[in-house]
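Please look over the sequence and the model below before reading on. The briefing then moves from the whole chain to single residues.

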Amino acid sequence: MIKIAPSILSADFSRLGEQILETKNAGAEYLHIDVMDGIFVPNISFGAPVYKCIRKLSDQFFDVHLMIVDPMRYVDDFVKAGADNITIHHEACANQIETLQYIKSKGIKASISIKPKTDPQVLRNYLPYVDMILIMSVEPGFGGQSFIPSATESTKTAYMLVKESGRDIDIEVDGGLSAKNVDLVTSVGANVIVAGSAVFGAPDMAAAVADIRAAGDKTYLKAL
């Protein structure tokens, strides 16, 4: 019922290709790709040329998360690099709906994300334009952070807004999740789980993916 999206931000970049194949063989449907500009978040990651290189390694769903200001500037680059979905941040620009519509016009999925302190009610305005909502359960910019408890309520609110809309919109949560606490968000509606260190830092990647999936599927929507 849920989908697992390992975040390559936590990968060993000296073994990136090998580890991507490990996630695929482990059954992870998505690959979460964080793009940071050092402005919207205090860190810099990698751009479209890197992701274009890894696109040929896997047929997983490439879930590109743009943590950058004015993301419209780079939509074409990431579409050409092989993105299946592009997520932009509510807080990162003033032309969010225009950007989402432009992403959709390229024949791929478009999503909106909010930071932990953002009121999830703002998501209501985006429901006609998105395929997925991404709830950040850590402050964006760095891997390895602990889950912020308020993200549970934000996830629940997002799910209720989607249900009210009648649209088929995925709810993704990113930050500090593992098999030990994934129930905090799957039980209130999350069905796409981003996991970084919980997957790439595990001694057995396949077992980590399986454990997260089992815990998530067992608790999906149980608290609603």
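This is a predicted model: local features need pLDDT of at least 70, side-chain atom pairs count only at pLDDT 80 or more; totals for chains, interfaces and linings use all residues.

Residues are numbered from 1 along each chain as its sequence is written, and side-chain values use heavy atoms, with hydrogens and water left out. The protein chain has eight helices and eight strands, where helices (H or I, at least four residues) and strands (E, at least two) are DSSP runs numbered from the N terminus.

**Overall shape and surface**

- The radius of gyration of the protein chain is 16 Å, which agrees with the value near 17 Å that a compact globule of 224 residues would have; this radius is taken over C-alpha atoms, and the globule rule is 2.2 Å times the number of residues to the power 0.38.
- Along its principal axes, the C-alpha trace of the protein chain spans about 40 × 40 × 30 Å.
- Of the 224 residues, 54% count as buried, where buried means under 20% relative accessible area, exposed means over 50% and partly exposed lies in between (1.4 Å probe, protein chains only).
- The accessible surface of the protein chain comes to about 9400 Å², and 53% of that surface belongs to carbon and sulfur atoms; the areas come from the Shrake-Rupley method with a 1.4 Å probe, and for residues only the protein chains shown count as cover.

**Contacts and charges across the chain**

- Among contacts between residues at least 6 apart in sequence, 65% join residues at least 24 apart, a contact being heavy atoms within 4.5 Å.
- The protein chain has 21 positive and 27 negative side chains, and the centres of the two sets lie 3 Å apart; Lys and Arg count as positive and Asp and Glu as negative, while His and the chain ends are not counted, and the place of a charge is taken as NZ of Lys, CZ of Arg, CG of Asp or CD of Glu.

- The structure holds two aromatic pairs, where rings of Phe, Tyr and Trp (its six-membered ring) pair if their centres lie within 6.5 Å, and planes under 30 degrees apart count as stacked, over 60 as edge-to-face and the rest as tilted.
- In one of these pairs, the rings of tyrosine 51 and phenylalanine 78 have their centres 6.3 Å apart and their planes at 35°, so the pair is tilted.
- Tyrosine 51 lies in helix α2 (residues 48–55) and phenylalanine 78 in helix α3 (residues 75–81), so the pair ties together parts that are 27 residues apart in sequence.
- Tyrosine 51 is buried, with a relative accessible area of 3%, and phenylalanine 78 also counts as buried, at 3%.

- Isoleucine 103 lies in helix α4 (residues 96–105) and counts as buried at 0% relative accessibility.
- Not counting residues up to four places away in sequence, isoleucine 103 touches Val75, Ile86, Ile88, Ile108, Lys109 and Ala110.
- Alanine 110 is found in strand β5 and is buried, with a relative accessible area of 0%; the residues that alanine 110 touches, again leaving out those up to four places away, include Ile86, Leu100, Ile103, Val130 and Met132.
- Glutamine 96 also lies in helix α4 and counts as buried at 11% relative accessibility, and apart from its neighbours within four places in sequence, glutamine 96 is in contact with Ile88, His89, His90 and Tyr126.

**Loop and end residues**

- Aspartate 70 lies in the loop between β3 (61–67) and α3, and has a positive phi of about 50° although it is not a glycine.
- Leucine 221, in the segment after α8 (205–219), has a positive phi of about 65° although it is not a glycine, and counts as partly exposed at 26% relative accessibility.
- Asparagine 125 sits in the loop between β5 (109–114) and β6 (132–136) and counts as exposed at 52% relative accessibility.
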